[in-house]
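Subject: Handover of a structure

Hello,

I am passing this structure on to you. Please keep it open while you read the notes below.

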Amino acid sequence: MTESVWHAQTVLPRFPRLERDRTADVLVIGGGIAGLLSAYRLQQAGARVLLVEGGRICGGVTGNTTAKITAQHGLLYDKLLRRFGAEQAGLYLRANLKALKAYQTLCQRIDCDFELRDSCVYTLDRPEKIHAELEALRRLGYPAEFSVADELPFPTAGAVRFPAQAQFNPLAFLAALAGRLPIFEDTFITEIRDGAARTANGRTIRARQYVAATHFPFINKHGNYFLKLYQQRSYVLALENAPPLSA
């Protein structure tokens, strides 16, 4: 299967190409989840926003995500605590938990299969890493739990469980947000110069502020970014008729 399960389940709205010059308070460049949420939040705050996407919205990483919403990003907090200290590690944790709550609030008004679910990171043979992560989270005041993740179809040597995290259909969520935004697809920005963004088809957008949410830089005139960045991808399997994993 070459199409993600989210694209298979969701019909995204289509938007025209920008064909005339425009002005805005903020121009958001990139139509993935970062760009769409940025544009939505800015619009809610009262800004005149335009969003442009070089292809189709949600056509890159966003359309192929695992769709979990969680403050648990691998065994991260032990590393953050040792490298940056409790204050900054705690800021990272609280920011992610606040974002989870914000998603939950937004999804109450959007039909996107939002569910609260526990999140687990497990190990097959390194339980000391699990205990180090749990100790770091205890120091940060977060009630993570030790688990053997017995809902998995194989034994583990232990897991860190974050209660009440979430999952959803990201494209159903973003389709609802996109319908409320001024968006132009097939509109590639080639440069920002003299207070204006210029498109590949010769149009100009003047804005007070710009948000670049393109993952990789859309302009590579300076910095040799292509030599400093690389793509990294993982995968997840969706098995038809497999038994559901209970929380």
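Start with the strand pairing. Strand β3 (residues 68-69) and strand β6 pair in the antiparallel sense over 2 bridges. Two strands pair if DSSP finds at least two bridges between them. Helices (H or I, at least four residues) and strands (E, at least two) are DSSP runs, numbered from the N terminus. Within this pairing, Lys68 stands opposite Gln167 of β6.

A word on the source. This is a predicted model: local features need pLDDT of at least 70, side-chain atom pairs count only at pLDDT 80 or more, and totals for chains, interfaces and linings use all residues. Residues are numbered from 1 along each chain as its sequence is written, and side-chain values use heavy atoms, with hydrogens and water left out.

**Around β6**

β6 covers residues 158-167. Strand β4 (residues 115-123) pairs with β6 in the antiparallel sense, over 8 bridges. There, Ser119 has Phe162 as its bridge partner in β6. Strand β5 (residues 145-147) also runs antiparallel to β6, joined by 3 bridges. Ser147 faces Ala159 of β6 in that pairing.

Is β6 mostly covered or mostly open? It is mostly covered, with 7 of its 10 residues buried. Buried means under 20% relative accessible area, exposed means over 50%, and partly exposed lies in between (1.4 Å probe, protein chains only).

**The chain overall**

The protein chain holds 6 helices and 10 strands. It has 247 residues, and 38% of them count as buried. Its C-alpha trace spans about 60 × 45 × 35 Å along the principal axes. Take the contacts with a separation of 6 or more: 72% of them are between residues 24 or more positions apart. Contact means heavy atoms within 4.5 Å.

**The six-stranded sheet**

There is an open sheet of 6 strands with mixed pairing. Its order is β7-β2-β1-β10-β9-β8. β7 and β8 are the edge strands, and each pairs on one side only. Inside the sheet, strand β1 (residues 22-29) runs parallel to strand β10 (residues 204-212), with 7 bridges between them. One of the residues in that pairing is Leu27, whose bridge partner in β10 is Tyr210.

Helix α2 packs on this sheet. It touches β1, β2 (49-52), β7 and β10. The direction of α2 makes about 170 degrees with that of β2. Axes are lines fitted to C-alpha atoms, for helices over the stretch in contact, and angles run from 0 to 180 degrees between N-to-C directions.

**Helix packing**

First, α2 with α4. Helix α2 (residues 33-44) and helix α4 (residues 86-107) have axes that come within 14 Å and cross at roughly 70 degrees. That makes α2 roughly perpendicular to α4. The cut-offs are these: under 35 degrees is roughly parallel, over 145 roughly antiparallel, 65 to 115 roughly perpendicular, and the rest oblique. Ile33, Leu37, Tyr40 and Arg41 of α2 meet Ala102, Tyr103 and Leu106 of α4. These residues divide into 6 nonpolar, no polar and 1 charged. Here Ala, Val, Leu, Ile, Met, Phe, Trp, Tyr, Cys and Pro count as nonpolar, Asp, Glu, Lys and Arg as charged, and the others, Gly among them, as polar.

Next, α3 with α4. Their axes come within 7 Å and cross at roughly 145 degrees. On the α3 side, the contact uses Tyr77, Leu80, Leu81 and Phe84; on the α4 side, Ala86, Gln88, Ala89, Tyr92 and Leu93.

Last, α3 with α5. The axes of helix α3 (residues 77-84) and helix α5 (residues 127-139) come within 8 Å, crossing at roughly 60 degrees. That makes α3 oblique to α5. Tyr77, Asp78 and Leu81 of α3 touch Ala132, Glu133, Ala136, Leu137 and Arg139 of α5. Of these, 5 are nonpolar, none polar and 3 charged.

Most residues other than glycine have a negative phi. Asp113 has a positive phi of about 60 degrees although it is not a glycine. It is found in the loop between α4 and β4. Asp186 also has a positive phi, of about 50 degrees, and is not a glycine either. Asp186 lies in the loop between β7 (183-184) and β8 (189-193). It is partly exposed, with a relative accessible area of 49%.

Best wishes
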